[in-house]
Amino acid sequence: MEENAPKRVIEESVPEKQVTLAHVIASPIPEIYESLGIDAQGAIGILTISPVEAAIIAADVAGKSAGVEVGFLDRFTGSVLLSGDVQSVEVALKAVVTILKEKLNYDIVSVSKT
C-alpha cells in the first residue's frame, strides 16, 4: 500500500434497543391516507423502533391495547403505522413504549402529538 494513498474509513451503525419516534397525527390531511394506501379512520400513529424485529412486538401490543388497526408494519426498517380514533392511537402508542421500556429495557421517547 502506498504511503500517500488516501485512507478509507468504514463506519457502521449498530442500533441499540430504542424507540426513536412515537407520534400521533390527530387530524391528517386526506393526501396522507391516499399516499399510505389506508382508510381514513381519524388519527395516525407512527413508531420507529430498533432493532427492527421489535416492530412486530409493537404492532401486537398496540392491537391488543386499543381499538387500532395496523396500517403498515415493516420488519426491515422498524416502522409501524397505526390508525384509529385519536384516543385509541394515543393509548396504543403509550402502551407500546411502556412495554418496550419495562419488559425489554428499551430506551424510549415520549409520545408526541400534532
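Tutor: Let's start at Asn105, which sits in the loop between α3 and β5 (112-113). These labels come from DSSP runs numbered from the N terminus, with helices (H or I) of at least four residues and strands (E) of at least two. A word on the model: it is predicted, so local features need pLDDT of at least 70 and side-chain atom pairs count only at pLDDT 80 or more, while totals for chains, interfaces and linings use all residues. Residues are numbered from 1 along each chain as its sequence is written, and side-chain values use heavy atoms, leaving out hydrogens and water.

Asn105 has a phi near 60°, a positive value in a residue other than glycine. Most residues other than glycine have a negative phi, and most peptide bonds are trans. Asn105 is also exposed, with a relative accessible area of 60%; the scale (1.4 Å probe, protein chains only) calls under 20% buried, over 50% exposed and anything in between partly exposed.

Helix α3 (residues 86-104) packs with helix α2 (residues 54-65) at an angle of about 130°, their axes 8 Å apart. The axes are lines fitted to C-alpha atoms over the stretch in contact, and angles run from 0 to 180 degrees between N-to-C directions. The two helices are therefore oblique to each other: under 35 degrees would be roughly parallel, over 145 roughly antiparallel, 65 to 115 roughly perpendicular, and the rest is oblique.

Which residues make the contact of α2 with α3? From α2 come Ile57, Ala58, Val61, Ala62 and Ser65, and from α3 come Val91, Ala92, Ala95, Val96, Ile99, Leu100 and Leu104, where contact means heavy atoms within 4.5 Å. Of these residues, 11 are nonpolar, one is polar and none is charged. Here Ala, Val, Leu, Ile, Met, Phe, Trp, Tyr, Cys and Pro count as nonpolar, Asp, Glu, Lys and Arg as charged, and the others, Gly among them, as polar.

Strand β5 pairs with β1 in the parallel sense over two bridges, pairing being a matter of at least two DSSP bridges between strands. His23 has Ser112 as its bridge partner in β5, and Ile46 as its bridge partner in β2. Between β1 (residues 18-25) and β2, the pairing is antiparallel over seven bridges.

One last stop: a cis peptide bond joins Ser50 and Pro51, with omega about -5°. Pro51 is in the loop between β2 (43-50) and α2.
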